[in-house]
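Dear colleague,

Please read them alongside the model.

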Amino acid sequence: MSSEQSTDSTADGIPAAESEEALDFRSSMIMTQDWNLDVDSGELDDSPATVTDARQTFQNLVRSAIKYDTFKKGEADTVRRIIEHIELVSLKKSAEGFNRVNFSVGVLNCFFICWVLGAYPEHIWLLYLIEAVYFIPRKFYNMWRAKPLNQAFYYLDFCWFTNFFAMAYFAIIVISGIFGFNDDIQNGIREVIFKAALGVFCGVLVCANLALPFVACLFHDVNTMTGLFIHLMPPVVMYTFVWYNDRIVEAWPNLFNLSYLEDGLTYYGGTDSIASCSTAFYFTWWVIYVCFMLGGGGIDLPKKFKPDGSPANPRYDTVFHSTMRDGVCILIGKFFRGRSKADSLTLMETNMFDKIDFCLYMFFHMIASLSAIFLSGYLCFKSIKRTRTLHRL
């Protein structure tokens, strides 16, 4: 490949014309590479005998079933490859910690969070901070070991950025309270941070819980549960600050001053509104991420080929490239770039996305995030405000 975005569908031995079924299979195989698996198929040969034996038994059953079926040869090969890959994923998950102990701990932790939320909502922010200290480094360890590409740069994504900001804020509040510096953190700064968090947590993160397929509850899997944790816990923390601010101030008088909640907040209108503060927070991340991707070379990290066409031997992945491989590249290519599905799949297999792809991705990311802030965030705020007024009556 001599350019950033190749449209030669015969490159690397890929046929010039493929059936729709073959293209769908290629797409599925590309997407399964992003399932946070820490071992590849070759490494299973060194795994415990029970795992390798189970894999061999399953493969024999698949071959036997297909041998006596009425499938055409091409269809049988496709079915066998898909089913064997599914079983390979299952065995990898078992090797990564799918056992009774991990599953039980995951379930108990969910019940514990629910109990603290119901019985002691004034302490849920502290529980969030404590569990984040475990979950986030543990997931980073897995992301660092992820194959075929290191996923450490996933932590630059917006959802991670908001959680790091929230953790840093709570940590500063705690440390300042311990050493008596909290009076130096002016109430105006606290109010701006609270407004920004309210719009982002109740807007972007709430919608992410509803829209993103990888935000799921798999009790045994640290990677998946951490993804759920960073998307679900911040809105829960914000819920307690809005509904139980009196209990929080009573329990932590030296840490929190929430007097601005009693003065009333406005969602729209003015530079000090919730929507304005949340939008400013989002664009702060947006500018940083664009600078990293375009100015810091992030867009080139996972590419398999250099501009001169020689192999690049990539080591690192980004959320942008992962999302594009998850099918977004096909949609952008179809509706905005005039690419065929085969050409988009070639880009997905080589990560050779160009700057136009990235700009389109960031444009739609911006539209989706701002829509969440201005719609979902507002609806949550309006519901809370209306209900609090009824309670006062």
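**Backbone and helix packing**

P148 sits in the loop that runs between helix 5 (124-145) and helix 6 (158-179), where helices are DSSP runs of H or I with at least four residues, numbered from the N terminus. The peptide bond leading from K147 into P148 is cis, with omega near 5°.

This is a predicted model, in which local features need pLDDT of at least 70 and side-chain atom pairs count only at pLDDT 80 or more, while totals for chains, interfaces and linings use all residues. Residues are numbered from 1 along each chain as its sequence is written, and side-chain values use heavy atoms, with hydrogens and water left out.

Most residues other than glycine have a negative phi. N313, in the loop between helix 11 (274-295) and helix 12 (319-337), has a positive phi of about 50°, and N351, in the loop between helix 13 (341-350) and helix 14 (355-392), has a phi near 60°. N313 is exposed at 65% relative accessibility, whereas N351 is buried at 4% (buried is under 20% relative accessible area, exposed over 50%, with a 1.4 Å probe and protein chains only).

Finally, the axes of helix 7 (residues 187-211) and helix 8 (residues 222-243), lines fitted to C-alpha atoms over the stretch in contact, come within 9 Å and cross at roughly 135°, with angles running from 0 to 180 degrees between N-to-C directions.

With kind regards

Notes. Helices (H or I, at least four residues) and strands (E, at least two) are DSSP runs, numbered from the N terminus.
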